[in-house]
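Student: I have a structure open and would like to go through it piece by piece. Can we start with how some of the helices pack?
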Amino acid sequence: MSLRLSTVILPVRRWHEGGRDQWLRAEQLGFHTAYTYDHLSWRTFRDGPWFGAVPTLTAAAAATERLRLGTLVTSPNFRHPVTLAKDLITLDDVSGGRITLGIGAGGNGFDATALGQEAWSPRERADRFAEFVALLDRLLTEGSVSHEGTFYSAEEARNIPGCMQEPRLPFAVAATGPRGLRLAARYGQAWVTTGDPKLFEDGTPEQSLEAVRGQLARLDKACAEIGRDSEPMEKILLTGFTPEANTVLASVDAFVDFAGRHRELGITELVIHAPIPDSDFAADEAVFEKIATEALAQLDS
């Protein structure tokens, strides 16, 4: 089974002070996709620079030629399907059809209350996510959409000429619970996991592998229930949140070992964070680039 290697570039650098160079370098290194996080602020980066995902991806689309681009992930926390659809259609056009929308239910981070609302309960997040994904799917595939839902409404929302990619740009749905996996099965061209967060601090690599294996089995089941074959779906693992988080980018050999074990499970795309000094994502830039250019060949040798 082939494995793709992608990266995620956190939007913490000014565009003309290293930001643009990172996206160009990602293309030069041969990454399949370069993603960014779609947050208003995030964790330990909250008190430092953090730029918007859609404008950043638009600039990256104009600067690059071949690199696929996307979000990991967009959520309903501060997005509305109608306005998001318009942004995505425009972004897909500017990029020449190189956009993937990573999409998830969101959580209780800073985004959850930035607009002044109370943080939603897990059930309400799941309810909103289900309506959000279904409406966004319609908005990206139909020229005019009217919808009166529990959480979201649209009144003759026009989205002409639609996406460059047909019938719409691909969704990569982040999900591990039953409802989210059903959404991935119905609407996703790809599925995203970070592993089992309960194992991040105290779990073992073996326990993490078993957790991902179980998630893949549940995805297979969700697809089978609607008569869909899960095999063609991309299975994406965003690294950095499993028990091996601090060692995956320590060396090419360490990465190849990690990648090989997850490829055997059925993961088809691994995403590694571009290094950020003095952060949780600090790593040797030279090793990162060596992984980008040499690891997959070594994995297949």
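Tutor: This is a predicted model. Start with helices α6 and α7: Pro205, Leu209, Val212, Arg213 and Leu216 in α6 meet Arg261, His262 and Leu265 in α7.

Student: What classes of residue are in the contact of α6 with α7?
Tutor: That contact has 5 nonpolar, 1 polar and 2 charged residues.

Student: Ok, at what angle do the axes of α6 and α7 cross?
Tutor: The axes of α6, residues 205-225, and α7, residues 252-265, cross at roughly 30° and come within 10 Å. Because angles under 35 degrees count as roughly parallel, α6 is roughly parallel to α7.

Student: Is that crossing left-handed or right-handed?
Tutor: α6 passes α7 in a right-handed crossing.

Student: And α7 with α8, what is the angle there?
Tutor: α7 packs against α8, residues 285-300, at an angle of about 50°, and their axes are 9 Å apart. That makes α7 oblique to α8. The crossing of α7 past α8 is right-handed.

Student: Which residues make the contact?
Tutor: From α7 there are Val252, Asp253, Phe255, Val256, Ala259, Gly260 and Arg263. From α8 there are Val287, Lys290, Ile291, Ala295, Gln298, Leu299 and Asp300. By class, the contact of α7 with α8 divides into 8 nonpolar, 2 polar and 4 charged residues.

Student: Switching to strands. In what order do the strands of the barrel go?
Tutor: The barrel is closed by 8 strands in the order β1-β2-β3-β4-β7-β8-β9-β10, and the pairing is parallel. On average, neighbouring strands of this sheet are turned by 25° against each other, direction ignored.

Student: Which helices lie on the sheet?
Tutor: One of them is α6, which touches β8 and β9. The direction of α6 makes about 150° with that of β8. Helix α2, residues 53-63, lies across β2 and β3 and runs at about 170° to β3.

Student: How many bridges join β8 to β9?
Tutor: There are 4 bridges between β8, residues 190-193, and β9, and the two strands run parallel. Val192 has Ile236 in β9 as its bridge partner, and Thr193 stands opposite Leu237 in β9.

Student: Where do side chains point in a strand?
Tutor: In a regular strand the side chains alternate between the two faces of the sheet.

Student: Pick a residue in β2. What is Thr33 in contact with?
Tutor: Thr33 lies in β2, residues 33-36. Leaving aside neighbours within four places in sequence, Thr33 is in contact with Leu5, Ser6, Thr7, Leu67, Arg68, Leu69, Gly70 and Glu269.

Student: Why does Thr33 count as buried?
Tutor: Because its relative accessibility is 1%, and buried means under 20%.

Student: What about Pro55, buried or exposed?
Tutor: Pro55 lies in helix α2. Pro55 counts as exposed, with 57% relative accessibility. From Pro55 to Leu249 there are 194 residues in sequence and 29 Å in space, C-alpha to C-alpha.

Student: Which residues other than glycine have a positive phi?
Tutor: Among them are Glu156, with phi near 50°, and Asp278, with phi of about 55°. Glu156 is found in strand β6, whereas Asp278 lies in the loop between β10 and α8.

Student: How exposed are Glu156 and Asp278?
Tutor: Glu156 is partly exposed, with a relative accessible area of 47%. Asp278 counts as exposed, at 80% relative accessibility.

Methods
Residues numbered from 1 in each chain as written. Predicted model: local features only at pLDDT ≥ 70, side-chain atom pairs only at ≥ 80, totals over all residues. Heavy atoms only, no water. Axes fitted to C-alpha atoms, helices over the stretch in contact; angles between N-to-C directions. Parallel < 35°, antiparallel > 145°, perpendicular 65-115°, else oblique. Left-handed = near helix turned anticlockwise from the far one by under 90°. Contact = heavy atoms within 4.5 Å. Nonpolar A, V, L, I, M, F, W, Y, C, P; charged D, E, K, R; others polar. Pairing = 2+ DSSP bridges. Buried < 20%, exposed > 50% of the residue type's maximum accessible area, 1.4 Å probe, protein only.
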